[in-house]
Each structure stands twice: as C-alpha cells, then as structure tokens.
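I opened the notebook today to look up charged pairs and the surroundings of the ligand. The entries below follow the order in which I checked them.

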Amino acid sequence: MDAISIIRTKRDGGVLSDEQIDWVVAAYTAGEVADEQMSALAMAILLNGMERPEIARWTAAMINSGERMDFGALALPTADKHSTGGVGDKITLPLAPLVAACGAAVPQLSGRGLGHTGGTLDKLEAIPGWRAQLSNAEIQGVLADAGAVICAAGEGLAPADRKLYALRDVTGTVESLPLIASSIMSKKIAEGTGSLVLDVKVGSGAFMKTLPDARALAETMVGLGTDHGVRTVALLTDMSTPLGRTAGNALEVRESVEVLAGGGPADVVALTLALAREMLDAAGLPDADPERALADGSAMDRWRRMISAQGGDPDAPLPVAGERHVVPAPASGVLSTLDAYAVGLAAWRLGAGRARKEESVQAGAGVELHAKPGDPVVAGQPLLTLHTDTPERFDGALEALAGAAVEVVPAERAHEVAVPETVLGRVA
Ligand code: URA
C-alpha cells in the first residue's frame, strides 16, 4: 500500500477498496502518511465524493483508530444528540438535563466552536468553575449522579478524526458529505450511545445550505448509525436565522437557563422539546413527558446537579462583556431577514469564537437579538446589541451585519415574509 496510488485512485474518480481505506486511515493516524498527502486525498474526496460502502468503511476505520466507550453498566437506556452546527444553537444545554429528567442517560461528548458556529464546551465554560475535561471514570460518575454529562471527547476517541478534522479545517475540505458524515458518526458510534438523534441544520448558518443536501447528509448518517446498531433518527431544522435571541457563550447559557426555568424563546423551546421526544422515543421511553419536566422544575434540578458535578456553580453570576453597541432597525415595517451566517460571523468577530484552535474565547462576547424575522419593527428601535470586551472589534462585527444580512419590508408587504418552520423534515 502507498498513499500516492490511493490519492490517484480517488483523484481519477475511482472507488477505494476496503484495504486501501483501512490502511490510509491507520497510517495517517500513526503519522506514516504525511499531512500533505492526506490533504490531497481529502480534496479528491471532496471533489469526487464516495460511494456508500466507502463511507461506511471509512467511518469504521476511524472508529477503529481509537477506543470505544461502554455505558452498558448503567441501568438506564442511553440517548445522545448531535447538531451539525449552527448560530445560537444552545439546544444541548437544556436538552441533556431535560432528557435525563425523563429517565434516559445522556452521555454528550461535545466540541468547541471553530469558525462562525459556536461550541457547546465554550458556552459551558462561561460558568465559573465548570470543567470540560473529564476522565472516563468521571464521565461515568457524573452520568450516574446527574443522568447527563456534557464534556470533551477524550484523546482516545476516534483519534483519526481529531487529526483529520484539524487538517480539513485549514485545507478547505470541511464541506464534503462523506467527510462530514464519517467524522460525526465515528465519534458518536465510538462514544457508545444506544440511540442518537441528529439535528441536521439547513440554511445560511449551516454547512448544508439546501434541504436536499441536508437530507442527503441525514440519510447517510442515519444509515451509518443503524448499520452499527445505534438507533438513529435525524431532524432537518432551520438555520437561516439564529436560534433564539442570543449568539455567544454566556449569553446562550443565560437563555438556556431561562428555558429550563419554563421560559425562553419559542423556537428554542420548540426544538428542545422536539429533539427530547425523538431521543426518548429512540431510547424506548415513548411515554415520558418532557413538557412536564420543563414545567415542574425536574429538568432544572438535573441541570444544577450536572453543572455542580463538573465543578461549576449554577448560582454564580455569568460573565458580562465590558462594552456594548446597539444596532438600530434600519426602517419601519416587518423584519424579513436576520441572516444566521452574518450574526454568527459578527459574534465570532466580537470574540465569542476563535480563528485558531489555540485561541481563547471571550465568555461575555456575542450578539443579542431584540427582534426575529416576522416581528414588526420601528426605524431606530434597538434591533441587535453587540457585546465584547474589546471595542476595536465592533467595526468588523458591523461589517458582517451590513448589506442584505438585515432586511425590513414595509408593513403592507408583511404577507410576503415567509418565516421558516423550526423543524423542516425528519429522516429515520
Ligand atoms: N462536525 C464534525 O464533528 N465533523 C465535521 O466534519 C463537521 C461537523
């Protein structure tokens, strides 16, 4: 086996054999295939795609590159959720304790934000004292105590993906269906969950900009999960505008706690409940009542236990950015567009995200939305509040929000404003 012939096969539109896939993934993980060779192969895969059996074998090879976790000792069914990434997507925060309160165990191994989408771990690290890095024994302990754990995936889980994802990030090869599907599913299958609900985002703020592309990704991932014995379902959900009214770490934690307290924005509550129902169904608990668990405080109780078990203080005040800038509505009428990508980019430029993996994020930075598409607005009223500790970042954020990112139509054209549903489809 040699890397060059494997690259040539894919470059020329061929199909990789099982042996080629097993070899190249293992050799890359071991450092025997160079980054520049894997970059060329990733680009060839991006351009020429992979057939289903190739994706399945690639995923299996990535799973086999590391350890597999096992929650078999728990007396509870396990359920996990994975989102393909969006702006203001804080759903994991209320969802994990909510599903735990309904009787399933939720081992949620999560990532950090890179680019314009936020990362769950960055959000939770806004809580004073909270620790993302847990040993396998600690993960089992928090899960047994609180019923849910949200933490960083250990170094041993799908190390091939860890290496390849970092390479794809700097070589323009993230947006490839086979590479995204195998990356996500290798980690989720290695994590050892019994059931999995995928939240596949569609729209400007997502990897997949169109419904057919998102459906194709969802079908591939559902197939991979099912083949590996994980009960897998996907919801296709809107990411043309941010979820909820905040994008940014501490801002999103605050909004998530509002949801757990029985309030919060309607779209966040609706998606949290829709995903909770899917997870509970997949875990074999179809009669559980997540709406009641939000209303009666039992989900909040699980949240407090989960945060405390990981060193966090659920009662500590959350960080607040030192500087604010208000963006007014440009005209009177009905807000027709508030573009997810633009808001994500603005939040990122304000310091909520990082440009390089080594950078730290500002806990208080981000964007607060005072109106959502479909809402009436009056010229000059506050539309967005930008938050940062470093005011020299305001210009870059405002640039991201210029042009067609924010649009208002006159009230008499309100009927033309089509506000997308939160849930656009389902793949099982
Ligand atoms: N999330 C992942 O874990 N991998 C991808 O390739 C894209 C999103």
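Is Lys10 buried or exposed? I looked this up and found that Lys10 is buried, with a relative accessible area of 2%, where buried means under 20% relative accessible area, exposed over 50% and partly exposed in between, taken with a 1.4 Å probe on protein chains only.

**Basis of the entries.** I am working from a predicted model, in which local features need pLDDT of at least 70 and side-chain atom pairs count only at pLDDT 80 or more, while totals for chains, interfaces and linings use all residues. Residues are numbered from 1 along each chain as its sequence is written, and side-chain values use heavy atoms, with hydrogens and water left out.

**Entry on Glu54.** I next turned to the partner of Lys10, and noted that the side chains of Glu54 and Lys10 meet in a salt bridge at 3.0 Å, N to O (a side-chain nitrogen of Lys or Arg within 4 Å of a carboxyl oxygen of Asp or Glu). This pair links distant parts of the chain, with Glu54 in helix α4 (residues 52-64) and Lys10 in helix α1 (residues 3-11), 44 residues apart; helices are DSSP runs of H or I with at least four residues, numbered from the N terminus. Glu54 is also buried, its relative accessible area being 3%. I then listed what Glu54 touches, leaving out residues up to four places away in sequence, and found Lys10, Gly14, Val15, Leu16 and Ile21, contact meaning heavy atoms within 4.5 Å. For Leu16, I recorded that its backbone nitrogen lies 2.7 Å from a polar atom of the Glu54 side chain.

**Entry on other charged pairs.** My search of the whole structure gave 23 salt bridges, and I followed up a few of them. The side chains of Arg57 and Asp18 meet in one, at 3.3 Å, N to O. Because Arg57 lies in helix α4 and Asp18 in helix α2 (residues 18-29), this pair ties together parts that are 39 residues apart in sequence. I found Arg57 partly exposed at 30% relative accessible area, and Asp18 partly exposed at 34%.

Arg277 forms a salt bridge with Glu291, and I read 3.1 Å between the closest N and O atoms. Arg277 lies in helix α12 (residues 266-282) and Glu291 in helix α13 (residues 290-295), so the pair ties together parts that are 14 residues apart in sequence. Arg277 is partly exposed, with a relative accessible area of 40%, and Glu291 counts as partly exposed at 47%. I also noted that salt bridges with shared partners join Arg112, Asp122, Glu125 and Arg354 into one network.

**Entry on the ligand.** Which residues are around the ligand? I listed Tyr165, Arg168, Ile180, Ser183, Ile184, Lys187 and Phe207, counting a residue if one of its heavy atoms lies within 4 Å of the molecule. By class, this shell divides into 4 nonpolar, 1 polar and 2 charged residues. I checked the polar side-chain atoms and found one of Arg168 at 2.9 Å from a ligand oxygen atom, one of Ser183 at 2.6 Å from a ligand nitrogen atom, and one of Lys187 at 2.4 Å from a ligand oxygen atom. The protein covers 90% of the 240 Å² of accessible area that the ligand has on its own, the areas coming from the Shrake-Rupley method with a 1.4 Å probe. The elements giving two or more residues to the shell are α8 (159-169) and α9 (177-191), and the largest share, 4 residues, comes from α9.

Notes
Polar contact = N/O pair within 3.5 Å; in protein donor to acceptor, adjacent residues only side chain to side chain. Nonpolar A, V, L, I, M, F, W, Y, C, P; charged D, E, K, R; others polar.
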